[in-house]
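Student: Please show me the model. I would like to ask what lies behind some of the labels.

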Amino acid sequence: MAIKDALLAELKHESSSTRRILERVPGDNLNWRPHEKSYTIGRLATHIAQTPTWITRIINHEQFDFAVNQYKAITAESNEQLMKIFEDTIAENIGVLESAQEDSFNDMWTFRRGEQIFFTLPKKVVIRNMAFNHLIHHRGQLSVYLRLLNIPVPGMYGPSADETM
């Protein structure tokens, strides 16, 4: 199987689980946070919705430099806006993966802040780390937020405690 086909299959599979959890985010309570150091639920959910954007950043560039590229965090103002951000992000990044050249996945990619290099790895490894693993990590955090708000948590890799009989 080609690398891009494997990444596309994984993105589509994880997108289904991500969609289910984002749909549960309470649009009337987006400023709630479990702790003063935590993101609000709206900010965390928006971050999750945007995380697949790393695929485009990785495929279309040789590096990401925080000293040059300023990250501007946004927060959805409603669940409808959150879902639009997510669906637009998924569609864009599926398209980028589909059009990527197979040999480009072995090209090296650097994550840095000016002269400080965090890592240099093949693009295929960075996509798994920065897009997929990052997404799954924050999705796990969001499941805790939902649990604390007594919102039923959807299963990600089988039924959740809220979906069993």
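Student: In which helix is T89 found?

Tutor: T89 is found in α4, where helices are DSSP runs of H or I with at least four residues, strands are E runs of at least two, and both are numbered from the N terminus. This is a predicted model, in which local features need pLDDT of at least 70, side-chain atom pairs count only at pLDDT 80 or more, and totals for chains, interfaces and linings use all residues. Residues are numbered from 1 along each chain as its sequence is written, and side-chain values use heavy atoms, with hydrogens and water left out.

Student: Why does T89 count as buried?

Tutor: Buried means under 20% relative accessible area, exposed over 50% and partly exposed in between, with a 1.4 Å probe and protein chains only. T89 has 8% relative accessibility, so T89 counts as buried.

Student: Which residues is T89 in contact with, leaving aside neighbours within four places in sequence?

Tutor: T89 is in contact with A49, Q50, P52 and T53; contact means heavy atoms within 4.5 Å.

Student: What makes the buried residues of α4 line one face of the helix?

Tutor: Seen down the axis of α4, its buried residues fall within an arc of 160°, so they line one face; the arc is that of the directions from the helix axis to the C-beta atoms. Among these buried residues are L82, I85, F86 and T89. They pack against α1, α2 and α3. On the other side of α4, E80, K84 and S99 are exposed.

Student: How do you know that the length of α5 agrees with its number of residues?

Tutor: The expected span of a helix is 1.5 Å times one less than its number of residues. The 26 residues of α5 should therefore span 38 Å, and its end C-alpha atoms are 37 Å apart, which agrees. α5 also bends by about 30° at N133, the bend being the angle between axes fitted to the seven residues ending there and the seven starting there.

Student: What makes a nonpolar core, and which element gives the most to the largest one?

Tutor: A nonpolar core is a set of buried Ala, Val, Leu, Ile, Met, Phe, Trp, Tyr and Cys residues joined through side-chain atoms within 4.5 Å. The largest has 42 residues, of which L22, I127 and L142 touch the most other members. α5 gives the most to this core, with nine residues.
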